[in-house]
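Welcome, and please open the model in your viewer. We will go from one selection to the next and look at what is there.

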Amino acid sequence: MSWLRRCFLRCDLNGAVTVRCLPCPGDRRASEHRRNATVRRYCSTVEGEVRVRFAPSPTGFLHLGGLRTALYNYIFAKKHGGAFILRLEDTDQSRLVPGAAESIEDMLEWAGIPPDESPRRGGPVGPYLQSQRLDLYSQTAQELVKSGHAYYCFCSSQRLELLKKEALRSGQTPRYDNRCRHLRADQVQEKVAQGVPHVIRFRLEEGVEPFQDLIFGWNRHEVAQVEGDPVVIKADGFPTYHLANIVDDHHMRISHVLRGSEWLISTSKHLLMYSALGWKPPTFGHLPLLLNKDGSKLSKRQGDIFIQSFQRDGVLPDTLLDITTNCGSGFDTSRMGRKIDELISEFNPSKITTHSALLDLEKLPEFNRIHLQQRIDDDEQCLSLIKDLQAQIRQTFAAEIHDEDVLREDYIRRVLCLRKGHISSLKELVSPEYSYLWVRPSFSSQQVTSLTTEAQHIASLVLKLIEERREQLNLNLDQLSKDLKTLSKQTKATKYREVMKLLRLALSGLQQGPSVAEMMVSLGPAEVSHRFQKLLLLSGTTS
């Protein structure tokens, strides 16, 4: 049976949480009793201290779903002056992916939500790799065995497979039949002495106490009625998730466990283990799932949901944090363009709903455009963008670069300021559409003559204008636009449209792009003069 209530959480900086619950419609007596009741409890196993953790398995690289879970934990910790811990659950040794552990921490740091304690940073309750804490899990399992809450299981994999097939054949959910629960002590000792392979299972009991989830309200799952006794120590001596996570959460003094709602049904099982060990459990909050906009599950097989992929594609860290919270709940506003400090200040746990968050990645370019514009407007962050773009320019164009001046900080800053609001990523600026900014374009006399027979005259007019307006060229787009309209009226047979096409061809070799005036301001007087001198020479040879 599961009791669901909407609960509203308030957590103060001292770690005290107030939860106000709306009663279930079918529970009238409880409703009357609790209508105005306020349940007050402390946020931590260490009074007043808020400690949360993100505990991924390095069996793969960090993806959007994992980043979102980490982000909510980070925001919760910083909102309440607490600590954000990264713990890597690497007990499934057969599925570990080389480099994944290091990459997960790299991506958290890149995203701007670095852990306070981690395998890399260390901390007071390490180690932070589960594979380095095996003795602790073994000791805890032995405590459970001694107290009668766990037992040795000697069932072979063949027998377990037969149980599974029989259950499926009869249309039932496969479960262990708890056979080894009933072995006598002397039988257990004999099998252990003989070296018979074994695991340790936790003894599930009925009568689970309900618990109050910060998001889903009151819950209780009678796991003993639907599951067999779970393995807590595998035959290889490594713990399963169910044991390792509660041992680590206890010894690392975790005050709140904020994790995906897929773990909600397992929480009653974990609480039975806390009770068996005599430990006070943390407060649980299960975050609704992050799904595709059509409601389908995010899949690692999609390939593009990994954080490294977004990083390579020029997506900014703030963009990912913004879009993954914008599509969900838990904040006072849902506006676009929020940075991490704003997310922390606007975070309101009482507004987290049980509804899944639908992520629309088609909006990613718009989110990135907004955050890129914000970075360009910030002097320090703009300098970082400039260095990044310099590297991309060198990598993309290499020997084609006509003049090292295009790598100068002031030149690139001018380009960024003129293009902000128009581009969604720095990578766009090294695409063919913007190559004219870094490489002098090529065009033919045939292209020129197809537009006008007055190319030489027009080139002379532009060169004269540049000389007259040399200082304004760096500053005044509007004035330059007016000057170009006036210039076009000085031709005999070429219309304004063809004049602009000719100027665009000379400046970029392209037929589309930013306005001609912006191109000229971006390139600067000296480079514009060079390109129109080329047009003057080319048109002079064909006249």
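**Before you start.** This is a predicted model, in which local features need pLDDT of at least 70 and side-chain atom pairs count only at pLDDT 80 or more, while totals for chains, interfaces and linings use all residues. Residues are numbered from 1 along each chain as its sequence is written, and side-chain values use heavy atoms, with hydrogens and water left out.

**Colour by pLDDT.** This is the predictor's confidence in each residue, from 0 to 100. The protein's mean is 89, and 89% of its residues reach 70 or more. Now select residues 1-47: here the pLDDT is below 50, and the stretch has 114 contacts in the model beyond near neighbours in sequence. Contact means heavy atoms within 4.5 Å.

**Select L64, L67, I113 and I340.** These residues touch the most other members of the largest nonpolar core, which has 82 residues. Such a core is a set of buried Ala, Val, Leu, Ile, Met, Phe, Trp, Tyr and Cys residues joined through side-chain atoms within 4.5 Å; buried means under 20% relative accessible area, exposed over 50%, and partly exposed in between, with a 1.4 Å probe and protein chains only. Helix α2 (residues 64-79) gives the most to this core, with nine residues. Helices (H or I, at least four residues) and strands (E, at least two) are DSSP runs, numbered from the N terminus. Apart from this core lies another, of 56 residues, including Y411 and L535.

Next, centre on I113. Leaving aside neighbours within four places in sequence, I113 is in contact with L67, A70, L71, Y74, F84, L108, L321 and I340.

**Select helix α11, residues 317-326**. Nine of the ten residues of α11 are buried, and what covers them includes α2, α3 (100-110), α12 (340-346) and α13 (364-377). Beyond four places in sequence, D318 is in contact with R338, K339, H371 and R375.

**Show the rings.** Select Y72, F76, F331 and F347, which ring pairs link into a cluster; rings of Phe, Tyr and Trp (its six-membered ring) pair if their centres lie within 6.5 Å.

Finish with R201, whose charged end sits over the ring of Y176, 3.7 Å from its centre. For this, NZ of Lys or CZ of Arg must be within 6 Å of the ring centre and within 35 degrees of the ring normal. K191 lies over the face of F154, at 5.8 Å from the ring centre.

Conventions:
Phe/Tyr/Trp six-rings, centres within 6.5 Å; stacked < 30°, edge-to-face > 60°.
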